[in-house]
Amino acid sequence: MIVERREAVREFHCMGGQCVVHVGGSGAGGTTPTLATMLAEARLRALHRRLSRFEPDSELSQLNDDPEQTVFAGSLLRRLAHAVVEAGALSHGLVDATRLTELEQAGYASSRVGLSGLSLAELIAGAPAPKPAEAHPDRLWRAIAIDDAAGTITRPPGVRIDSGGLGKGLAADVVGATLADHATFAVDCGGDVRIGGSARIPRPVFVENPFGGDPLHEFELVHGAAATSGIGRRSWRGRDGATAHHLIDPATGAPAWTGIVQATALAQTALEAEILAKAALLAGPRRGLGLLALGGVLVHADGTTEVVDAAKGLTATQHEAPGTLEA
């Protein structure tokens, strides 16, 4: 999603996907770019161990397994809980990280690292008629209370949290903050990217085409973030043979089929970009574009692409040639 320049670059597998860290220029304390990328990798791996629902001893797993309504929690876990509430509020309930049980029932109960998913063509061929996702009436994310002074999280009995994309966005922001004194940096956590640096040099960010081929659009960021959410990133066939993916419609508890297969959003932070990208995909074609005020791209199932580039004053629709989806 980001391009290399004359920087130290470190790429590794973490947080369920590929992570890439770019750093240019020494830090204020004399930290070299190469050492900075190594430290960033160590921090991301530590964040993964603490926030993954697939690690039985992680802080998140301990929270989810605790029968008490109010539990003591460290600052990182409280920050994730704040993110869950923020995601629900910003998306009007579409991005609901309390639907973990429904996600597991859909077939995502264990890590899919190393497992091959379905092609986008397979997913589209097996999809039901598209309809926008909707918030669940209970809006359980509203019932999560975080007391930072007391160091506690309170939630109703049985409510569990899925870190998912929120964890990636949060991790990109946390690690990005440690690199702010370098001339340039970019932290890419599986498509959630935080960009900045003291030199304030613009960095190109390319939006990949989920159907293959050349990038769909190029944005330019100095300080900010971008995130991409798509139905092809985690996909499988259920026991009944039906296609499924990891983006849940909160109202139905089933994988959402909205007619949008990928959404990219720009924002000030990677967490906010992640929320907006996922919300735009779940909202569907009519409402999704309105969530991309700072910029973004929607990719429809028929190959049509809608681009909003606020920096260039651009709102455009591109139509793919017939046969693109079958290629």
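How much space lies in the second largest pocket? About 550 Å³.

## Ground rules

This is a predicted model, in which local features need pLDDT of at least 70 and side-chain atom pairs count only at pLDDT 80 or more, while totals for chains, interfaces and linings use all residues. Residues are numbered from 1 along each chain as its sequence is written, and side-chain values use heavy atoms, with hydrogens and water left out.

## The second largest pocket

On a 1 Å grid over the protein atoms alone, a pocket is an open set of points where a 1.4 Å probe fits, with protein on both sides within 12 Å along at least five of seven lines; its lining residues have an atom within 4 Å of a point. The volume is the space filled by probe spheres set on the points, which are joined across faces, edges and corners.

In the second largest pocket, 30 residues form the lining, and Gly190, Gly191, Glu208, Arg233 and Gln262 lie nearest the centre. Two or more lining residues come from each of E1, E2 (17–24), E6 (184–189), E10 and E13 (260–267). These labels are DSSP runs numbered from the N terminus, with helices (H or I) of at least four residues and strands (E) of at least two. E2 gives the most, four residues. By class, the lining holds twelve nonpolar, twelve polar and six charged residues (Ala, Val, Leu, Ile, Met, Phe, Trp, Tyr, Cys and Pro count as nonpolar, Asp, Glu, Lys and Arg as charged, and the others, Gly among them, as polar).

## The largest pocket

The largest pocket holds about 960 Å³ of space. Its lining counts 48 residues, with Tyr108, Gly164, Gly165, Arg234 and His246 closest to the centre.

Helices and strands both contribute: E1 (8–14), H1 (33–51), H4 (100–105), H6 (164–178), E10 (224–230) and H7 (270–283) each supply at least two lining residues. H6 has the largest share, with five. The lining of the largest pocket divides into 17 nonpolar, 19 polar and twelve charged residues.

E13 is mostly covered, as eight of its eight residues are buried; buried means under 20% relative accessible area, exposed over 50%, and partly exposed in between (1.4 Å probe, protein chains only). Two strands pair if DSSP finds at least two bridges between them.

With E10, E13 pairs in the antiparallel sense over six bridges, and Ala225 has Ala267 in E13 as its bridge partner. Strand E14 (residues 296–300) also runs antiparallel to E13, joined to it by five bridges. There, Thr264 stands opposite Val297 in E14.

## Salt bridges

The model has 14 salt bridges, each a side-chain nitrogen of Lys or Arg within 4 Å of a carboxyl oxygen of Asp or Glu. In one of them, Asp148 meets Arg78, with the closest N and O atoms 2.8 Å apart. This pair links distant parts of the chain, 70 residues apart: Asp148 is in the loop between E4 (145–147) and E5 (152–154), and Arg78 is in helix H3 (residues 75–90). Asp148 is partly exposed at 40% relative accessible area, whereas Arg78 is buried at 13%.

Glu122 and Arg237 also form a salt bridge (3.9 Å, N to O). Glu122 sits in helix H5 (residues 120–125) and Arg237 in strand E11 (residues 235–237), so this pair ties together parts that are 115 residues apart in sequence. Glu122 is partly exposed at 34%, and Arg237 is partly exposed at 44%. Elsewhere, Glu102 and Arg99 meet at 3.2 Å, N to O; Glu102 is buried at 17% relative accessibility, and Arg99 is buried at 7%. Asp96, Arg99, Glu102 and Asp138 are linked in a network of salt bridges.

## Cysteines

How many disulfides does the rule count? The count comes to zero, where a disulfide is a pair of cysteine sulfur atoms within 2.5 Å. For Cys19, the nearest cysteine sulfur is that of Cys189, 4.4 Å away. Cys19 is buried, with a relative accessible area of 0%, and Cys189 is buried at 1%.
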